[in-house]
Amino acid sequence: MALELVPVLSGILGILLLAGLCTPVAGVLVAIHALLDGFAHPYDRWQALSLGGIGVALTLLGPGVWSIDARLFGWKRIDLPRNIPPE
C-alpha cells in the first residue's frame, strides 16, 4: 500500500512544480522526497541528488513569471536606494 503512494506523491509534486503552485513548499517536499529516495535506493543516489538539488534551487528561486503563484501573489521586488550617504 505504501509503495503505491510514492509514485502518486511524485506525480503530485511534479504537477505542482510545473504549474508553479505552492512552489516553495513543493520544492522542499521534492528535496525531502529525493533525499529519502537516495537512501532507499543506493543505486540511484546521483539521480536523487540531482533531483534534490533542483528542488532546493526552485525553492530558493521562487515562482516564475507565468506561474500560478506569480499570478496570485505577484512578484516580490526589493528596491535598494541609489544614494546611500557614507557613515
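Which backbone nitrogen lies 3.1 Å from a polar atom of the side chain of Asp69? In this predicted model, that atom is the backbone nitrogen of Cys22. Residue numbers start from 1 along each chain as its sequence is written, and side-chain values use heavy atoms, without hydrogens or water. Local features need pLDDT of at least 70 and side-chain atom pairs count only at pLDDT 80 or more, whereas totals for chains, interfaces and linings use all residues.

The pLDDT is the predictor's confidence in each residue, from 0 to 100. Its average over the chain is 83, and 97% of the residues score at least 70. Helix 2 (residues 23-40) has the highest confidence, at 89, and helix 4 the lowest, at a mean of 80. Helices are DSSP runs of H or I with at least four residues, numbered from the N terminus.

Asp69 belongs to helix 4, which spans residues 68-73. Its relative accessible area is 7%, so Asp69 is buried (under 20% relative accessible area, 1.4 Å probe, protein chains only). The Asp69 side chain also has a polar atom 2.9 Å from the backbone nitrogen of Thr23. Beyond neighbours within four places in sequence, Asp69 is in contact (heavy atoms within 4.5 Å) with residues including Cys22, Thr23, Pro63 and Gly74.

His33 is part of helix 2. His33 is likewise buried, at 17% relative accessible area. Its side chain makes a polar contact of 2.9 Å with that of Ser10. Such a contact is a pair of N or O atoms within 3.5 Å; within protein, one must be able to donate a hydrogen and the other to accept it, and residues adjacent in sequence count only if both atoms are side-chain atoms. Apart from neighbours within four places in sequence, His33 is in contact with Val6, Leu9 and Ser10.

Notes. Helix = DSSP H or I, 4+ residues; strand = E, 2+ residues; numbered from the N terminus. Buried < 20%, exposed > 50% of the residue type's maximum accessible area, 1.4 Å probe, protein only.
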